[in-house]
Amino acid sequence: PTEVLALQHFQNFKKYSENFLENQIKIELLTSNVKGKERAKLLENLKAGNIDILVGTHAVYSSSVEFKKLGMAVIDEEQRFGVLQRLSLVNYNSEVLVGGTNKSMGSHVLYMSATPTPRTSALVAYGGMDVIRLNEKPKSSSMANVKTTMINQ
């Protein structure tokens, strides 16, 4: 199921990239089924910073996976990931430009879950995680008029 979910996310990102971003973003999929030369090329491009969005399964936690800059990680079904796996993304250092100087900082992480576990509840209760609950669609009837755009900075 995890690979199916990753593939769905990947296909949606590709569709949005084609429709809204004119394919200006390089999006790749990394799962345990990506092997051999294809995997080596993907990992090389990831390390070089040639991939803007990487969608993957637990395969992203492999010791062979290196990010040039990991600005943000979005983890769906967060309860499937171990504590150390989650922390490895939060603590992954990225160089960012702050006031004209490169500064090292951890990555931003968004965890998503429709079925939080007791561990997740404890993280929320003791301040290790904030919660935003989305339990209904926007009341506005103008949803058809929403336009998503990419802004280069």
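User: How do you know that the length of helix 2 (residues 36-48) agrees with its 13 residues?

Analyst: The expected span is 1.5 Å times one less than the number of residues. For the 13 residues of helix 2 that gives 18 Å, and the end C-alpha atoms are 18 Å apart, so the two agree. Helices are DSSP runs of H or I with at least four residues, strands are E runs of at least two, and both are numbered from the N terminus. This is a predicted model, in which local features need pLDDT of at least 70, side-chain atom pairs count only at pLDDT 80 or more, and totals for chains, interfaces and linings use all residues. Residues are numbered from 1 along each chain as its sequence is written, and side-chain values use heavy atoms, with hydrogens and water left out.

User: What makes the buried residues of helix 2 line one face?

Analyst: Arg39, Leu42, Leu43, Asn45 and Leu46 are buried. Seen down the axis, the buried residues fall within an arc of 165°, so they line one face of helix 2. The arc is taken from the directions from the helix axis to the C-beta atoms. On the other side, Gly36, Lys37, Lys41 and Glu44 are exposed.

User: Why is Ser17 called buried?

Analyst: Buried means under 20% relative accessible area, exposed over 50%, and partly exposed in between (1.4 Å probe, protein chains only). Ser17 has 2%, so Ser17 is buried. Ser17 belongs to helix 1 (residues 2-20).

User: Why is Val74 called partly exposed?

Analyst: The relative accessible area of Val74 is 49%, so Val74 counts as partly exposed. Val74 lies in strand 3 (residues 72-76).
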